[in-house]
Amino acid sequence: MPANGQNLDFSDEVYSSDDPDVRAIASMWESCFRAAVHPGEEGRPETYWGDEKTDIVKNAFTANYPIYSFGFHRTFNIRPTEGGFFEIHTLNEWPGPEQGIEVNAIYTICAKRVDDEFRLFNYFSFSKRALDSYTNRYIEYYYPCSYAFDRAKADSTIRFIEWFTATYDLPADTPVRYVVANTLDECNAILGFPYSWLRSHLSYAGAFLYPETIISRRPDHLHELVHFFVKQKFPRATDLLHEGIAAYYGGSSDRSYAEHLRMFREYLEAHPDVDLSGFDSYRVLVDGVTNPFYTVGALLVDRALAIGGPEQVLRLFAYTDPGKMFESGLSVPRGEIDAYLRKLIADK
């Protein structure tokens, strides 16, 4: 994914518009875009927003870099809609195989005049007016009327989150925004993505859009919920543990930790030469259903719980480097990580 999206351009329709509102919005949007890509150098992006807490689009695909930093961006339409809002439609694409072009996303952000100046708003602020909701301290569910919302599953999920946050002393001041619908495409459209590469036809599909949004076809996607609450407290902890604790409590690909453990054994039998200390080498999806990297992380959470309960798990989350975590957190030298993990899997 090329990080060369420092420039935003506009379609001829937008660029040559004689509508003063469209021209003002385009200028403001371009300034915000530049500020998001180069914070500090080009100003602060939040100064262009209304009363929104977060820009949903900005970090939808990665917590570390804004979407505006990747690929090429072209705003192809700015048009008025209801309630004084304007919709800003932008295409994000990047070079694909053999010099072709691949579309990453089409995203929509809204603008509205506030105190004689245009300010930006998430499309969700507009779209949620047509949604049903079910909210509590931990989760704000939003869903279309066509979706058969299972309140019993939602209540069970809320009880799990109440237990989980208390057990691990995690902040629960900010509820997660949880958009659930009949398809992931429908979830994405509600958030302002008429098209997104985060798409799947699978019934258990879901995703965590940093920092506070989950999309799913079901109200009990524990894997992504665990990500949300843990990353609030440990945003820089190693991914090995982030994926591990999510897989331990929430499974992955609609399979439990125990099932992934079994598949991990089969993976090791088929790949006897794999070095389990080379974590990135096996961070791959096998047969479309299991990720050995996730399972190793879950295995470490399992081991930490056996050694010292949730307090030991929390101590491991202080490490940003997995090698250092093994050395200092588990007293396992780097040269012995492979043997240590193989013994753990053999003993389970």
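Predicted model: local features only at pLDDT ≥ 70, side-chain atom pairs only at ≥ 80, totals over all residues.

Me: Which residues line the largest cavity, and what is its volume?

Reply: The lining of the largest cavity consists of Phe164, Tyr168, Leu170, Val230, Phe234, Ile245, Leu314 and Phe317. The space inside is about 30 Å³. The count of cavities of 30 Å³ or more comes to 1.

Me: What confidence does the predictor assign to the protein chain?

Reply: The mean pLDDT of the protein chain is 92, and 97% of its residues reach 70 or more.

Me: I turn to the pockets. How much space lies in the largest pocket, and which residues lie nearest its centre?

Reply: The largest pocket holds about 1600 Å³ of space. Its lining comprises 47 residues, and those nearest the centre are Gly206, Glu224, His227, Glu243 and Tyr294. Strand 10 (206–209), helix 6 (222–233) and helix 7 (239–250) are the elements that give two or more residues to this lining.

Me: Which element gives the largest share of that lining, and how do its residues divide by class?

Reply: Helix 6 gives the largest share, with 5 residues. By class, the lining of the largest pocket has 20 nonpolar, 16 polar and 11 charged residues.

Me: What is the general idea behind a salt bridge, and how many are found in the whole structure?

Reply: Side chains of opposite charge can pair when their charged atoms come close. In the whole structure, a search finds 18 salt bridges. One of them joins Arg113 and Asp21, whose closest N and O atoms are 2.8 Å apart. This pair links distant parts of the chain: Arg113 belongs to strand 4 (residues 101–114) and Asp21 to helix 2 (residues 20–37), 92 residues apart.

Me: Why does Arg113 count as partly exposed, and what is the case for Asp21?

Reply: Arg113 counts as partly exposed because its relative accessibility is 42%. Asp21 is likewise partly exposed, at 24%. The class runs between the cut-offs of 20% and 50%.

Me: Which residue forms a salt bridge with Glu46?

Reply: Arg44 is the partner of Glu46, with 2.8 Å between the closest N and O atoms. Glu46 is partly exposed, with a relative accessible area of 43%, whereas Arg44 is exposed, with 53%.

Me: What distance separates N and O in the salt bridge of Arg218 and Asp220?

Reply: In that salt bridge the N to O distance is 3.0 Å. Arg218 is partly exposed at 25% relative accessibility, while Asp220 is buried at 18%.

Me: Next, single residues. Is Ala237 buried or exposed, and where is it placed?

Reply: Ala237 lies in the loop between helix 6 and helix 7. It counts as buried because its relative accessible area is 8%, which is under the 20% cut-off. Not counting residues up to four places away in sequence, Ala237 touches His242, Phe317, Tyr319 and Thr320. Phe317 also belongs to the lining of the largest cavity.

Me: How far apart are Ala237 and Pro20?

Reply: Ala237 and Pro20 are 217 residues apart in sequence, and their C-alpha atoms are 47 Å apart in space.

Me: Lastly, where is Asn188, and is it buried or exposed?

Reply: Asn188 is in helix 5 (residues 184–191). With a relative accessibility of 2%, Asn188 is buried. Its contacts, leaving aside neighbours within four places in sequence, are with Phe193, Ser196, Leu198 and Ile215.

Methods: Residues numbered from 1 in each chain as written. Heavy atoms only, no water. 1 Å grid on protein atoms, 1.4 Å probe; cavity = no way out; pocket = protein on both sides within 12 Å on 5 of 7 lines; lining within 4 Å. Points joined across faces, edges and corners; volume = space filled by probe spheres on them. Helix = DSSP H or I, 4+ residues; strand = E, 2+ residues; numbered from the N terminus. Nonpolar A, V, L, I, M, F, W, Y, C, P; charged D, E, K, R; others polar. pLDDT = per-residue confidence, 0-100. Salt bridge = Lys/Arg side-chain N within 4 Å of Asp/Glu carboxyl O. Buried < 20%, exposed > 50% of the residue type's maximum accessible area, 1.4 Å probe, protein only. Contact = heavy atoms within 4.5 Å.
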